[in-house]
Each structure stands twice: as structure tokens, then as C-alpha cells.
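Here is a short report on how a two-chain model is put together. Please read it beside the sequence and the 3D view.

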2 protein chains.
Amino acid sequence: MPEFPPLKNDVLLRAARGEAVPYTPVWMMRQAGRYLPEYRAAREGQTFFETCRDPDLVAELTVQPLRRFPIDAAIVFSDILVVPQAMGLEVQMLKGKGPFFPEPLAGPRDLERLVRPDVEDSLGYVFEAIRRTRTVLDGAVPLFGFAGAPWTLMAYMIEGGGSKSFDAARAWLYAEPAAAERLLEAITDVTEAYLLGQIRAGAQIVQVFDSWAGLLGPDAYRRFAMPSLRRLAATLAREAPEVPRAVFARGAHFALEELATAGYDVVSLDWTIDPAAARSRTGPDVTLQGNLDPAVLYAAPDTIRERVARMLAGFGRGRHIANLGHGMLPDHDPEHAAVFVEAVHSLSRPYHG
Amino acid sequence: MPEFPPLKNDVLLRAARGEAVPYTPVWMMRQAGRYLPEYRAAREGQTFFETCRDPDLVAELTVQPLRRFPIDAAIVFSDILVVPQAMGLEVQMLKGKGPFFPEPLAGPRDLERLVRPDVEDSLGYVFEAIRRTRTVLDGAVPLFGFAGAPWTLMAYMIEGGGSKSFDAARAWLYAEPAAAERLLEAITDVTEAYLLGQIRAGAQIVQVFDSWAGLLGPDAYRRFAMPSLRRLAATLAREAPEVPRAVFARGAHFALEELATAGYDVVSLDWTIDPAAARSRTGPDVTLQGNLDPAVLYAAPDTIRERVARMLAGFGRGRHIANLGHGMLPDHDPEHAAVFVEAVHSLSRPYHG
């Protein structure tokens, strides 16, 4: 383990573990992003994946939001699709369109095209970025590492890009279930090593993003997605028990109970989930994270504060890390993000201590 | 009311009203669609909206699936976006891309661009198509009319096309709530008249499609979307009590209880909802419709039958109309749709009588 400056603000890590905190910690998904002019300036002239492979630039982008907002965590700037890249698939990020795989997996036979990478060789640039970021952070707040959940990565690898319903990927689950399971296992193998590599490099908490969880019904999610999520949590718990684990299965309203007992300290909620209902379904032994509708940040400051107050009341005195229910959007006003962060800090104190 | 041939198969209407039926009736959303070669042949050379405005062609497309499958209902071929067109917005259907509004509503001031149409003048072509279809149907099965729910139409009118999250539309709800409510009311006014016109023309059951319900959280849905849905149901119940009303609020897992008491006879479920859970949340006094994952139709016939059996067991002996949890897809095999329909009919008898 490299030596890094001691952590000054551990409120988020304590909330993740269910320990007492003076206020509700807060961060924002995609807080290092296009809504920040300094982000656009720093990345200018570089493609998305060039940026991901430039450790100094990643460190800079990762800490940018901290210069504006007193958020309680940073998250390393990267993308979940670096894992499919490491497994041998080309991925481009098209401007205004999102990810594009020129040659997605067309059928089970294409599994032969995938490689089992050595993560140090193929994803070492992320580990290096994490080391640099820890140094630049200077212990200000903990640093999140992250990875895509196997089902979500599988969905992209088959569909070849973003989609409203990832029909081709869902078709595999029913028409080629054995191949689907092999693919999910192969992705899980890499993801396990990848997250452990991030932790060795300095990630102090990790989050698994199952962005397309909501495209599966309860049966398919239980059969295909949950086993990989559980295996990832178990491996991390065994190899790095001191590092809290978070999972964000967007749209998986049908799987809250299972997610809460899958080995994660933190279950992140999208904005369609009622906080009080989530708490009663998950029980008291997990930290819930979320879940303000990002669209609320388009509203005036008073409305933002009112919605934050409502959200905090919904989560009540239970274990909570405040966040949006999805990522920041390119046309968000940074001043409104500041209002969100400030409102969480100031309005959450009555729920603690 | 025009005179039409008497109805020979009223199983679906009886299931909608909660009356005894010998088997579970079944139809498929988007059953008149691109997966049928005869659909592609019939529409060749016409744009999507030209097709919608050709009553004889609409009648032909609407009855095509009945020639292949013993489905228990037809649904008039049309699109929810004919209402925004009638309100003065241009809508194009771009090949492979979906709907496109060259000039969407950019802000509250743009509400002035909308007109309150006379539905006979602007949407009479749909009513004429319904009359022709009823004649061609010759009483074989009941004919569904339909409309988009006001929130979903608002989402398109502001966003200008399909989108994963309709951020601009959601922004209105928080930043311009009064304008959002005025827009929703204006759409509801037209939709009310439009559905009543469809019923006068011969629609025997109607369905309201809230395709983007799942983009709103529980609070926003309750405040903005439910009032229009309730108002539509109340108007229809008063003006056409003999015509059953169905609502499909896709993704609205958080609003099932409210939907079940909003004045609809039928609540349609997407495939992320567990049927037994839905029944226990909605109570016995509403017909549930759905909800096989359309991706199951990519699987082999045995798998399709197995998933249908499981779905029927989930719905049990309660009021049920079988359907997919979303529409048919262009690359579905019509033979697999036939397996689905046959499986529902043959496997559902034990749940009745």
C-alpha cells in the first residue's frame, strides 16, 4: 500500500459503516463533469478515453468539484466501459451520442473474442490515476473507486452502445442463458481483480454501478445479475474488509431487499424510490444513498432546499449518504449544486447526534 | 353511434370488467407492427404519419395480426403523438430514430404556440379509421382506442423526441411548475375530447399510455401526472360508462396503489413488476394486464411456454388480461408471438371456472 496523507474528513466512510456522524455526508454522481467550465477547459482537445488514460488530468478532474463544493467524497474520473476495453472490445465515446462499440458481441460464439486481461497491464492507468489523485487530495475527503456491474457491462457489450431497452442483451438471457452466464462470470472475474487493484492503489470506498438493472424484471435480475453482485461483494469483503462497498442498481425497485443483503454496506437509490419505503424494505442495517431527482437542480434555490428537506425527512434518522438519484447533467448550474450540498449539510443536523 | 356487426368474442371486455371468463384473454402491445412482413409490405412507400391518416390502410394494419393469431382484441393503428400534432406542433417520425419535433416547446412562453383544436377537424381521420376498422373487424374481437397520457405527451413536446431521461421536460416540473400544470391541463382537455371521439366512432375499450411515467419519482408523479389521469377516467366514466378504461403507466412501480384507484378498470404492468406483488398492492377490484418481458419472445418456444406458465401463476385467479410488459419488437419472430398467444389460452384455463 502506498503512503498517503491522513484522512481529514471521514464522515462519509463512517456513514457508510453505520457509525454516528454529525451531519449527513453528501456527494454527487458525475460531480466531475461537463457542467463545470473548468472540466470542459481541462479536457479540451482530448477524447474521453484519452482523458481516462492521463493520470494527472484524471487527478485534476477528480478534485475540481471539491474546489467548489464542501462535498464529503471524491470519485475517480473514469468510465465503466474501460473493463470491456480491457477484455478486448473496442469502445469509442461519440460526442453527443455516448458509447459506441464498432464490433459488439453478436452471439455466444463471439465470447471467444474476449480476453482475460491482466488488470495491472490493461487497467494500470486507472490505478496510477487513483494514486495521483490520493496525493492531490491530500486527505481532504475519501476517494471512491468504481466499476460497472457485470449485467450492465454485458448489456453494453452486446448492444454496442446506449439503448432505451437493450433488447439484444435481454434476448441473450432468455435465448442463450448459458452463454449469458459465462459472459457474466468472465466480466465478474475481471471486475473483481479491477476493484481490488483500485483498492490497492488507494480507493477508500468502492461503488458498483448497475445502471441498467431496471431493464430486467425481478426473476431475470435474481437469476442473472444478483449472483455477480454477491460474488463481487464477498470477494471484496474477504480481501479488503476495511473498504466499504456501495451498489447502485438503477431502476431495481424490485430487488431492494436482495440488494440490502448482498454484502454491500451502502445501497444507492434512484429518484423513483420513496426513501421511507426503501428504509422499511431494507431494514436498519444498511446505509441508503441518494436520491434527489437531478432535475430538481434546474429549479430555484428555494425549491432545491425544500426538496432536500423533504428527502432528508424521508430518510429520517437512519443510515444515509445524500446524493442525487442519478448523475449531474451537462446543463446544470454549478451554483445549484452548491445549494444542494449546503442544504444537505445544514438541514441534516437535526437527524444526527 | 354507427351500427356495427355484433361482437363475437367479448372475453377481453368481460375480463376488463371483472366478469367470469373461460380463459385469460390476450393481446400484444404493438401487435400491428414491423415484425410482420405483411405490415412492412402494406406500408411500403408511405411515411408513418401518412399511414396514420389513411383510414383504409389503418383498418388493414389493425386487423393483420388477427389473421395470424387468435388474439382477443385489436388496437387501432395510430400513434400517441397525433395529439401534439393536433395542438399545433410539427412531429416527424424519423426512420430508425423515432419521433422528432423540429420546434419543441422551449419554455413557458411557447405555450402560446399551442392551439386548442376541434378534434373532429384535426383528428377526424382517426375516428374515420376506427369506423372502417370496426366494419372490417366484423365483430371478431373488441377494438381498443388509445391516447398518450398528458405527462408523456408533455415530455415529448418539451424534449422534442425520444430521450433516456427527458431532462428538459422534468426540469419544467421543478422550475416552471405552474406552466407545467397549464400544459398538462391543455393536453388533458384535448385528450378527453379525443378519447370520447374515438368511443363515438366505435372504440370498445380505451387505453391511456403513460410511457414515461417511470421518469418521475413518486412525489412528482402524484402531483403532476395523476390529476390528468384521474380527470380522464372520470370524464370517460361519466360520458361513456359502458366502455372499459385501461391505463399503462410504464415504470410507475411507485404509483400502483394510486393507479388502481384512479378510475380505471384495467391497470397494465411493465415486466419489472412482480404479478403477485402487484395484485397484493392493488387489491382484487381491478383487472391487471401484462406483463411478459418482450425479450422472452426471442427464446425458444419451450422457454416462452415456461415463462407464460410462470406469469399466469403469478397473476393467479385474479382479474387478468395477458399481454407483454411492453410492445412487440421489429425483429421478433411472428411464430413466437403465436406461441405466446397459444400458451396463454391453453395454460390459463385452470385459473378460471
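## Basis

This is a predicted model: local features need pLDDT of at least 70, side-chain atom pairs count only at pLDDT 80 or more, and totals for chains, interfaces and linings use all residues. Residues are numbered from 1 along each chain as its sequence is written, while chains are lettered from A and ligands numbered from 1 in the order in which they are written.

Helices (H or I, at least four residues) and strands (E, at least two) are DSSP runs, numbered from the N terminus.

## The sheet of chain A

Chain A holds an open sheet of 7 strands. Their order is β1-β4-β5-β6-β7-β8-β9, with parallel pairing. Two strands pair if DSSP finds at least two bridges between them. The edges are β1 (74–75) and β9 (320–324) of chain A, and each of these pairs on one side only.

A:Gln289 sits opposite A:Ile321 of β9(A). Helix α13 (residues 301–315) of chain A lies across both β8 and β9 of chain A. Its direction makes about 155 degrees with β8(A). Axes are lines fitted to C-alpha atoms, for helices over the stretch in contact, and angles run from 0 to 180 degrees between N-to-C directions.

## Where the chains meet

The contact between the chains takes 24 residues from chain A and 24 residues from chain B. Here two residues are in contact if their C-beta atoms, placed from the backbone, lie within 7 Å. On the side of chain A, α8 (167–175) and α10 (218–239) each supply at least two residues. Of the elements there, α8(A) gives the most, with 6 residues.

The chain A side divides into 14 nonpolar, 5 polar and 5 charged residues. Ala, Val, Leu, Ile, Met, Phe, Trp, Tyr, Cys and Pro count as nonpolar, Asp, Glu, Lys and Arg as charged, and the others, Gly among them, as polar.

## Helix α8 of chain B

Helix α8 (residues 167–175) of chain B is mostly covered, with 8 of its 9 residues buried. A residue is buried if 20 or more other C-beta atoms lie within 10 Å of its own, exposed if 12 or fewer, and partly exposed in between; C-beta atoms are placed from the backbone. B:Arg170 and B:Trp172 are among the buried residues. The buried residues pack against α13 of chain A, and also against α7 (150–159), α9 (177–201) and α10 (218–239) of chain B.

The axes of α7(B) and α8(B) come within 7 Å and cross at roughly 110 degrees. The two helices are therefore roughly perpendicular. Angles under 35 degrees count as roughly parallel, over 145 as roughly antiparallel, 65 to 115 as roughly perpendicular and the rest as oblique. From α7(B) come B:Met154, B:Ala155, B:Ile158 and B:Glu159; from α8(B) come B:Ala168, B:Ala169 and B:Trp172. This contact has 6 nonpolar residues, no polar and 1 charged.

## Helices α12 and α13 of chain B

Here the axes of α12 (residues 275–282) and α13 (residues 301–315) of chain B come within 7 Å and cross at roughly 20 degrees. So α12(B) and α13(B) are roughly parallel to each other. B:Pro275, B:Ala276 and B:Arg279 of α12(B) meet B:Met311, B:Gly314 and B:Phe315 of α13(B). Those residues divide into 4 nonpolar, 1 polar and 1 charged.

## Strand β6 and two alanines of chain B

Strand β6 (residues 245–249) of chain B is largely enclosed by the rest of the structure, because 5 of its 5 residues are buried. B:Arg245, B:Val247 and B:Ala249 point one way, B:Ala246 and B:Phe248 the other. Strand β5 (residues 205–210) of chain B runs parallel to β6(B), joined by 5 bridges. B:Val206 stands opposite B:Arg245.

B:Ala246 counts as buried because it has 21 C-beta neighbours inside 10 Å. Beyond four places in sequence, its contacts include B:Ala16, B:Tyr264 and B:Gln289. B:Ala86, in helix α5 (residues 82–86) of chain B, is also buried, with 21 other C-beta atoms within 10 Å. Leaving aside neighbours within four places in sequence, B:Ala86 is in contact with B:Pro117, B:Val119, B:Ser122, B:Leu123 and B:Val190.
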